[in-house]
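Please read the numbered points alongside the structure shown here.

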Amino acid sequence: MSQIWDGPLEKIDDYRWRIPRTYKAGMRVDGIIYADEKLLKDIRHDKAAEQVANVSFLPGIVKASFGMPDIHWGYGFAIGGVAAMDIEKGGVVSPGGVGYDINCGVRLVRTDLFEKDVRPHLKELVAGLFHAVPSGVGSEGDIRVTAREEKEILVKGAGWAVAKGYGTEDDLEATEERGAMAGADPEKVSDRAYARGKQQSGTLGSGNHFLEVQAIDQLYDRDAADALGLVEGQVMVMIHSGSRGLGYQVCDDSLKTMNTCLEKYHIHVPDRQLACAPVESPEGKDYLAAMRAAANYAWNNRQCLMHLARQVFEKVFVSSWQKLGMRLVYDVAHNIAKIETHRVKGEERTLCVHRKGATRAFGPGHPAVPERYKRIGQPVIIPGDMGRNSYLLVGTQAAMDETFGSTCHGAGRLRSRHEAKRVVDFHALMKELEAKGIVVMASGHGTVVEEAPSAYKDVNDVVGVVHNAGIARRVCRMRPLGVVKG
Ligand SMILES: Nc1nc2c(ncn2[C@@H]2O[C@H](COP(=O)(O)O)[C@@H](O)[C@H]2O)c(=O)[nH]1
Ligand SMILES: [Mn+2]
Ligand SMILES: [Mn+2]
């Protein structure tokens, strides 16, 4: 891979790099990228840093345009980007700052099982999960939803599934926004979006989405692990999915409108993929109302997926999920825009915080953190790849002070899907995973090679940066045992 971005990155310290606002006329704030020297080399491999600079042109942006260490090129905004716009200063919302998979996110479920309990049943467990959880592009699920209920889901979010018996109140307690954002308006969602999301509740989606059985292989913070009910060797279930066809269409619909807004509101951006509208404009409000509806769809989807996973565990281990201790640790979005209050230059401001491939990481005591985690901070779930590790961290006060309570969201792509397909051999990869004791089932060979560990950065490096920079704190690390890929 050749170096293709040679713009300025001034060293602030070992984990922070600045793109000065003097880099391009029109930048309103600096760009700040979190990385160490090793990751910085990867970051220069695509135009993600240029996108960080471009985002700083957006009206109302405060403090800086941020890039997390998992940053890579995306539509308009880089994946791994964080930007907050002051609503009272004409701040905008940009669909490119959320992404096509609105409220793509992760949930982590603990169990009382240990690797020794699961290992003898691993193949049966993974096959059970693979068959119970529909995956692949456009897949439809067994959870039946009437047309009226499809609309209800957009308002109630995960609460819809819980009311159906697919989970409990306790699950909602452990979900960001209790699984439903206020201000969602199903009437702002197009018929085409409804059609695309029809019967997709409880489906995984394709490629990067997964359901993984993992074991905790390292504890970093015993106090936080105790509070989370976690010990070394414990088996966990991680679910990564989003708003499926419905969210994709909401984004697509909004971009057509937002494109006209650049002229209408005299907004100058260096890239039309940064199309946006003032948060307080009719177009901005409509987008946020539809985006929240799609976000609620995603929370319901992940709740349904967890329900299906619990049923499979019940069957394989011949016990109820409650007896197996399958409690939800947390569910967190990593593609979303939210109206939040933060301190900027000593003043409380109302901001539209875009987290695109970035995770909320609110620190101890924040009112949005569930009571049970108030002391330790909000759980932050960071998937890595199917062959190495994933992490659980907690949010920090430093994240509140620096990045609007945000941190990274994964390892981040290193090679394009196309490149991975060209260089990775399916059979060799499966052998390698098998040698590590990892059982993989996927909807196609193509998915597996596109998603090979070598297609991603090393999550250990990425998490090392956010931990050392202080914008999240490591609690424990997991290693994969069984993977179901979309
Ligand atoms: N543990 C696993 N992590 C994975 C797998 N496939 C992808 N990933 C990680 O997820 C993040 C988030 O992805 P995004 O597509 O929503 O941006 C990604 O950066 C990878 O680090 C997997 O199979 N297992
Ligand atoms: Mn997604
Ligand atoms: Mn995602």
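Strands (E, at least two residues) and helices (H or I, at least four residues) are DSSP runs, numbered from the N terminus, and two strands pair if DSSP finds at least two bridges between them. This is a predicted model, in which local features need pLDDT of at least 70 and side-chain atom pairs count only at pLDDT 80 or more, while totals for chains, interfaces and linings use all residues. Residues are numbered from 1 along each chain as its sequence is written, chains are lettered from A and ligands numbered from 1 in the order in which they are written, and side-chain values use heavy atoms, with hydrogens and water left out.

1. Buried means under 20% relative accessible area (1.4 Å probe, protein chains only), exposed over 50%, and partly exposed in between.

2. The manganese site. Cys104 (SG), His240 (NE2) and His334 (NE2) coordinate the manganese ion (ligand 3) at 2.1 to 2.3 Å. Donors are N, O and S atoms within 2.8 Å of the metal (3.2 Å for Na, K and Ca); water is not among the atoms, so sites may look incomplete. Along the chain, the donors of ligand 3 follow the spacing C-x135-H-x93-H. The two histidines are 94 residues apart and link distant parts of the chain: His240 is in strand 9 (residues 234–241), whereas His334 is in the loop between strand 11 (328–333) and strand 12 (335–344). Both His240 and His334 are buried.

3. Cys104 coordinates both the manganese ion (ligand 3) and the manganese ion (ligand 2), which are 3.6 Å apart.

4. Contacts of ligand 1. Polar contacts are pairs of N or O atoms within 3.5 Å; within protein, one must be able to donate a hydrogen and the other to accept it, and residues adjacent in sequence count only if both atoms are side-chain atoms. Polar side-chain atoms of Glu212 and Ser390 lie 2.6 Å and 2.9 Å, respectively, from a nitrogen atom of ligand 1. His334 places a polar side-chain atom 3.4 Å from an oxygen atom of ligand 1.
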